[in-house]
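Open your viewer and show the cartoon.

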Amino acid sequence: MNKTEIAIKVSERSGVHIEDCIKVITEMEEVVSEELSKSKNMTVALEQVSQILRLFTAKG
């Protein structure tokens with residue numbers, strides 16, 4: 001699944017215009033990339049990825 005396909009699904013489910021979804025996804029990629037680049041080692045980077053995934057899977 002690529003960024004456009006994700007944006008389409010998010011747009012369909014949320015009612016938010018697809019261009020806005022693409023902007024948010026792009027900026028989110030930048031934020032995650034910046035945070036991971038600050039990691040001092042792979043263990044820290046993997047923990048950060050794990051934290052991000054928990055945010056997406058958290059209910060409520």
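**Stop one: helix H1**

Select H1, with its 12 residues. At 1.5 Å a residue, H1 should span 16 Å. The C-alpha atoms at its ends are 16 Å apart, so expectation and model agree. Remember that this model is predicted.

Now go to the N-terminal end of H1. What caps it there? Select Asn-2 and show its side chain: Asn-2 is the cap. One of its side-chain oxygens lies 3.1 Å from the backbone nitrogen of Thr-4.

Move to what follows H1. Select Gly-15. Its phi is positive, near 85°.

**Stop two: the salt bridges**

How many salt bridges does the structure hold? There are two.

For one of them, select Lys-3 and Glu-29. Their closest N and O atoms are 3.1 Å apart. Lys-3 sits in helix H1 (residues 3-14) and Glu-29 in helix H2 (residues 18-37), so this pair ties together parts that are 26 residues apart in sequence.

Next, select Arg-54 and Glu-47. Their side chains meet in a salt bridge, with 3.2 Å from N to O. Arg-54 has a relative accessible area of 44% and is partly exposed. Glu-47, at 37%, is also partly exposed.

**Stop three: the largest pocket**

Hide the surface and select the lining of the largest pocket. Pick Ile-6, Ile-25, Met-28, Glu-29, Val-32, Ile-52, Leu-53 and Phe-56. Which elements give two or more residues to this lining? They are H2 and helix H3 (42-57). The largest share, four residues, comes from H2.

The volume of this pocket is about 210 Å³.

Color the lining by class. Seven residues are nonpolar, none is polar and one is charged. Click on Glu-29 again. This residue of the pocket lining is also the salt-bridge partner of Lys-3.

Stay with the helices for one last look. An α-helix has 3.6 residues a turn, so residues three or four places apart point the same way. Keep that in mind as you select Ile-25, Met-28, Glu-29 and Val-32, which are among the lining residues.

Key
Residues are numbered from 1 along each chain as its sequence is written. This is a predicted model: local features need pLDDT of at least 70, side-chain atom pairs count only at pLDDT 80 or more; totals for chains, interfaces and linings use all residues. Side-chain values use heavy atoms; hydrogens and water are left out. A salt bridge is a side-chain nitrogen of Lys or Arg within 4 Å of a carboxyl oxygen of Asp or Glu. Buried means under 20% relative accessible area, exposed over 50%, partly exposed in between (1.4 Å probe, protein chains only). On a 1 Å grid over the protein atoms alone, a cavity is a set of points where a 1.4 Å probe fits but cannot get out, and a pocket is an open set with protein on both sides within 12 Å along at least five of seven lines; lining residues have an atom within 4 Å of a point. Grid points are joined across faces, edges and corners, and a volume is the space filled by probe spheres set on the points. Ala, Val, Leu, Ile, Met, Phe, Trp, Tyr, Cys and Pro count as nonpolar, Asp, Glu, Lys and Arg as charged, and the others, Gly among them, as polar. The expected span of a helix is 1.5 Å times one less than its number of residues. A polar contact is a pair of N or O atoms within 3.5 Å; within protein, one must be able to donate a hydrogen and the other to accept it, and residues adjacent in sequence count only if both atoms are side-chain atoms.
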